[in-house]
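User: I'm new to this one. Can you walk me through it?

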Amino acid sequence: MKTNKRAFLNSFKTNYMVGVRPLNAKCSHVDNIFVKAFTEQDAMNRVDMAVDHLEYMVKDIIPAGDDIFGLIEPCNCGRDSIENVV
């Protein structure tokens, strides 16, 4: 019987909400990126590699099930969100 090892391993991944912010932000601007990863470190590494060329840094990592997972507080500083930057 042939099994799909990648699908099997993906079933062990957890959702994480990773907060990123511009390096030169003078406000509390944070954008959230949702990623599936094995650990918090894995989630940070995945997002860090994705935003490295944009001069963003990882601020926090929140696992699914946490009380603040999914809460998004918009910043009214006028800065574009990371969706518009990419």
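**Aromatic pair**

Analyst: This is a predicted model. The structure holds one aromatic pair.

User: Which residues form the aromatic pair, and how are they arranged?

Analyst: The partners are Phe 34 and Phe 69, in an edge-to-face arrangement. Their centres are 5.6 Å apart, and the angle between the planes is 80°.

User: Why quote both a distance and an angle?

Analyst: Because a pair of aromatic rings is described by the distance of the centres and the angle of the planes.

User: Where in the chain do Phe 34 and Phe 69 lie?

Analyst: Phe 34 is in strand S2 (residues 31-37), while Phe 69 is in the loop between S3 and helix H3 (82-85), so the pair ties together parts 35 residues apart in sequence.

User: How much relative accessible area does Phe 34 have? And Phe 69?

Analyst: Phe 34 has 44%, so it is partly exposed. Phe 69 has 26% and is partly exposed too.

User: Stepping back, how many helices and strands are in the chain?

Analyst: The chain has three helices and three strands. Starting at the N terminus, the order of elements is α-β-β-α-β-α.

User: What share of the residues is buried?

Analyst: Of the 86 residues in the chain, 26% are buried. The accessible surface is about 6400 Å², and carbon and sulfur atoms hold 52% of that.

User: What about contacts between residues 24 or more positions apart?

Analyst: Those make up 60% of the contacts in the chain that have a separation of 6 or more.

User: How many residues line the largest pocket, and which lie nearest its centre?

Analyst: There are 13 lining residues, and those nearest the centre are Val 30, Asn 32, Asp 60, Leu 71 and Glu 73. By class, the lining has seven nonpolar, three polar and three charged residues.

User: Which strand gives the most to the lining of the largest pocket?

Analyst: That is strand S3 (residues 56-63), which supplies three residues.

User: You listed Val 30 near the centre. Where is Val 30 found?

Analyst: Val 30 sits in the loop between strand S1 (14-22) and S2.

User: What is Val 30 in contact with, leaving aside neighbours within four places in sequence?

Analyst: Val 30 contacts Gly 19, Val 20, Arg 21 and Lys 59. Gly 19 is 11 residues away from Val 30 along the chain, and their C-alpha atoms are 5.9 Å apart.

Note on methods. Residues numbered from 1 in each chain as written. Predicted model: local features only at pLDDT ≥ 70, side-chain atom pairs only at ≥ 80, totals over all residues. Heavy atoms only, no water. 1 Å grid on protein atoms, 1.4 Å probe; cavity = no way out; pocket = protein on both sides within 12 Å on 5 of 7 lines; lining within 4 Å. Helix = DSSP H or I, 4+ residues; strand = E, 2+ residues; numbered from the N terminus. Nonpolar A, V, L, I, M, F, W, Y, C, P; charged D, E, K, R; others polar. Buried < 20%, exposed > 50% of the residue type's maximum accessible area, 1.4 Å probe, protein only. Contact = heavy atoms within 4.5 Å. Areas by Shrake-Rupley, 256 points an atom, 1.4 Å probe, with all protein chains shown as cover. Phe/Tyr/Trp six-rings, centres within 6.5 Å; stacked < 30°, edge-to-face > 60°.
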